[in-house]
Amino acid sequence: MSDIILLAHPTFGVLGILASVWVFVEALNASEANASRVRIAAFAVAGCIVLAWALGGYWYTVYYGAEKAIILKGPWPWAHNFVMETKEHLFFIALILALYLPIAAAANVARNRGARAVVMTVAAFIALNGLAIEGAGAIVNYGVKVAFVHTGGEGAE
Amino acid sequence: MDATPTAADKNADTLKGPAASFGLAAAIAILFNTALAWVEDAYEPLNAYMTSLSGHQWLTHGFADATVFIALGYFFTGRVRISGTRLSVLLAAASIVGGGGLALWFALT
């Protein structure tokens, strides 16, 4: 079960990134015709990022302690001390922006160029943050892997 | 096509209501998130206290961020009118300073 949660976390993160690119493109071409799509896409971003946060948060608080101990014993302790510590707090920035996005998108992006600029900026930063967080997750995962390689798999069970 | 903004265009740049208030709240909450991470990491008693509140400091940190965002968003509602361009710059700056501040802190400590 923990593996499903662990895999679902970045999956919803990627879906959130894709949805934020969708919001960006819809807002870039904002008109009365696609106003509802901007709002739907903004809610899709919020939904995906909240799910990524809930799943990742559950896994982090329940299961990550054991992996952290393995990483710190391995040759890449910075995978936790720097990368994971940054990632776990960076996620809140993406979460705050994702929760705000549907609120910003509720304004008329077709008529209000200020609202359009805000929606595009927020969507772009969710995507950039998301990509950084996905990359950080891969480094943390690799930190565990190199620790196992270094110790000959001790503690893998 | 004339690119010079008309009075109507300028007016259309202004945001009010929840889009303005929660946008400003989001920028503040992002900076609060980074500041709280610094203080938590530097001051162990706060870290321990936050852990005691929810069982994990990260959960308490998330609740604190959400509380700041929602509370300030409601507080600013009806009180804030802001240019969308200015709010975009503010949110971008908060994201860059907040994210960069986190990376720099954990790289140096």
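Student: Which residues of helix 4 of chain B are buried?
Tutor: The buried ones are Q57(B), W58(B), T60(B), H61(B), G62(B), D65(B), V68(B), F69(B) and G73(B). Buried is a count: 20 or more other C-beta atoms, placed from the backbone, within 10 Å of a residue's own; 12 or fewer is exposed, and in between is partly exposed. This is a predicted model, where local features need pLDDT of at least 70 and side-chain atom pairs count only at pLDDT 80 or more, while totals for chains, interfaces and linings use all residues. Residues are numbered from 1 along each chain as its sequence is written, and chains are lettered from A and ligands numbered from 1 in the order in which they are written.

Student: And what do the buried residues of helix 4 of chain B pack against?
Tutor: Partners from both chains: helix 2 and helix 4 of chain A, plus helix 2 (18–42) and helix 3 (44–54) of chain B. Helices here are DSSP runs (H or I, at least four residues), strands are E runs of at least two, and numbering goes from the N terminus.

Student: How far apart are the end C-alpha atoms of helix 4 of chain B?
Tutor: They sit 28 Å apart. After helix 4 of chain B comes G78(B), which has a positive phi near 85°.

Student: Zooming out, how many helices and strands does chain B have?
Tutor: Five helices and two strands, in the order α-β-α-α-α-β-α from the N terminus. Of its 109 residues, 39% count as buried.

Student: Switching to the two chains, how many residues of each are in contact?
Tutor: 30 residues of chain A contact 34 residues of chain B, a contact being C-beta atoms, placed from the backbone, within 7 Å. On the chain A side, helix 4 gives the most, with 15 residues. That side divides into 18 nonpolar, eight polar and four charged residues. Nonpolar covers Ala, Val, Leu, Ile, Met, Phe, Trp, Tyr, Cys and Pro, charged covers Asp, Glu, Lys and Arg, and the others, Gly among them, are polar.

Student: At what angle do the axes of helix 5 of chain A and helix 5 of chain B cross?
Tutor: Roughly 15°, and the axes come within 7 Å. The axes are lines fitted to C-alpha atoms over the stretch in contact, with angles from 0 to 180 degrees between N-to-C directions. The two helices are therefore roughly parallel to each other, the word for angles under 35 degrees.

Student: Which residues meet there, between helix 5 of chain A and helix 5 of chain B?
Tutor: Among them are R113(A), V118(A) and F125(A) on one side and G84(B), L87(B) and L91(B) on the other. The contact divides into eight nonpolar, eight polar and one charged residue.

Student: Is G84(B) buried or exposed?
Tutor: It's buried, because 26 other C-beta atoms lie within 10 Å. G84(B) lies in helix 5 (residues 84–108) of chain B. Leaving out residues up to four places away in sequence, G84(B) touches residues including N112(A), G114(A), D13(B) and L15(B).

Student: And where is N141(A) found?
Tutor: In helix 5 of chain A. N141(A) counts as partly exposed, because it has 14 C-beta neighbours inside 10 Å.

Definitions and conventions: The expected span of a helix is 1.5 Å times one less than its number of residues. Angles under 35 degrees count as roughly parallel, over 145 as roughly antiparallel, 65 to 115 as roughly perpendicular and the rest as oblique.
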